Amino acid sequence: MKSKIMNYFNASKEEFSDWKWQYRHRIETVEELEKLIELSEAKKEDIKKALEVFPMAISPYYASLIDSKDHNCPIRIQAVPSSAELKKSSWELEDPLCEDKDSPSEESCITHRYPDRVLFLISNRCGMYCRHCTRKRRVGNREYDYPEKAIREGIEYIREHSEIRDVLLSGGDALLVSDEKLDWLLGELFDTPHVEIVRLGSRVPVTLPQRITPELCEILEKYPSVWLNTHFNHP
Ligand code: SF4
């Protein structure tokens, strides 16, 4: 499947290993997807319906892991939309973890539920939009792209709350900001005396592993206590 995808994009080995190339070439339409994996006419219509509400974006790398002929391939099911996503039961919530309720304001990037830790959203982008995401209301939605002002306000909030010792950077994907921005942000957070650890919430080790570059590792190594929280799904 990898060579099929590389041929489709006419990609060199260097390009395929470059996370920015991978990000720019994420598969976002049915027209692209049907050239890479088997899709019935009914499934194409089904995907289109789902795409009216929720975006699709599959990195070429992650697409290369899909069994193109198996319609129940577990990797395909995580990445390819289904109109079942549009069904909403009366008990379902748009914000299923009630994160917005524990945010200091509507515009804030912070969720502060437990006294000593905060969730700090810094990006609304991902290497691949997971169909099972619990933050679909924000992820991939341009309205929720966090401006620098909101990020600075998040840092200020953490500085003003000395009980916070643990910051979880997430999004979207915490590793889809630039190296420079991440370095700056980690510097600001570790410059705050009461911040002891920073966790990075990221699926790029799974969906866009090219993002883990030597340059990124050098940045992470500079800081005293950085943890990476990721998640793999497997049968
Ligand atoms: S990587 Fe995380 S935030 Fe992004 S779509 Fe998947 S589960 Fe949601």
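Salt bridges between domain 1 and domain 2: the count is 0. This is a predicted model, so read that as a count on predicted coordinates. Now, which kind of contact does cross the boundary? Polar contact does: 7 residue pairs across the interface of domain 1 and domain 2, both partners at pLDDT 80 or more.

Look at which elements on the domain 1 side are involved. Three helices each supply at least two residues to the side that touches domain 2: α3 (19–24), α6 (60–63) and α7 (74–79). By residue class, that side of domain 1 divides into 14 nonpolar, 4 polar and 2 charged.

Let me place the domains. Domain 1 runs over 2–84, and domain 2 over 100–229. Their centres, taken over C-alpha atoms, are 27 Å apart. The contact draws 20 residues from domain 1 and 21 residues from domain 2.

Next, area. The size of an interface is often given as the accessible area lost when the parts come together. Here domain 1 and domain 2 bury about 1,700 Å² between them. Of that, 61% is on carbon and sulfur atoms. Which residues of domain 1 lose the most area to domain 2? W19, Y23 and Q78, and together they make up 38% of what that side buries.

Back to charges, now over the whole structure. The search there finds 24 salt bridges. One of them to look at: R135 with E99, side chain to side chain, 2.9 Å from N to O. R135 sits in the loop between β2 (117–121) and α8 (148–160), and E99 in the loop between α7 and β1 (110–111), so this pair ties together parts 36 residues apart in sequence.

Two backbone points. Most residues other than glycine have a negative phi, and most peptide bonds are trans. N10 is not a glycine, yet its phi is positive, about 55 degrees. N10 lies in the loop between α1 and α2 (13–16). Then there is the peptide bond from G171 to G172: cis, with omega near 20 degrees. G172 is in the loop between β3 (166–170) and α9 (179–190).

Last, confidence. Mean pLDDT for the protein chain is 93, and 98% of its residues reach 70 or more. Which element has the lowest mean, and which the highest? Helix α1, residues 2–9, is lowest at 91, and strand β4, residues 197–201, is highest at 98.

Key
Residues are numbered from 1 along each chain as its sequence is written. Side-chain values use heavy atoms; hydrogens and water are left out. Domain bounds come from an automatic or database domain assignment. Contact means heavy atoms within 4.5 Å. Buried area is the accessible area (1.4 Å probe) that two parts lose on being put together, summed over both. A salt bridge is a side-chain nitrogen of Lys or Arg within 4 Å of a carboxyl oxygen of Asp or Glu. A polar contact is a pair of N or O atoms within 3.5 Å; within protein, one must be able to donate a hydrogen and the other to accept it, and residues adjacent in sequence count only if both atoms are side-chain atoms. Helices (H or I, at least four residues) and strands (E, at least two) are DSSP runs, numbered from the N terminus. Ala, Val, Leu, Ile, Met, Phe, Trp, Tyr, Cys and Pro count as nonpolar, Asp, Glu, Lys and Arg as charged, and the others, Gly among them, as polar. pLDDT is the predictor's confidence in each residue, from 0 to 100.
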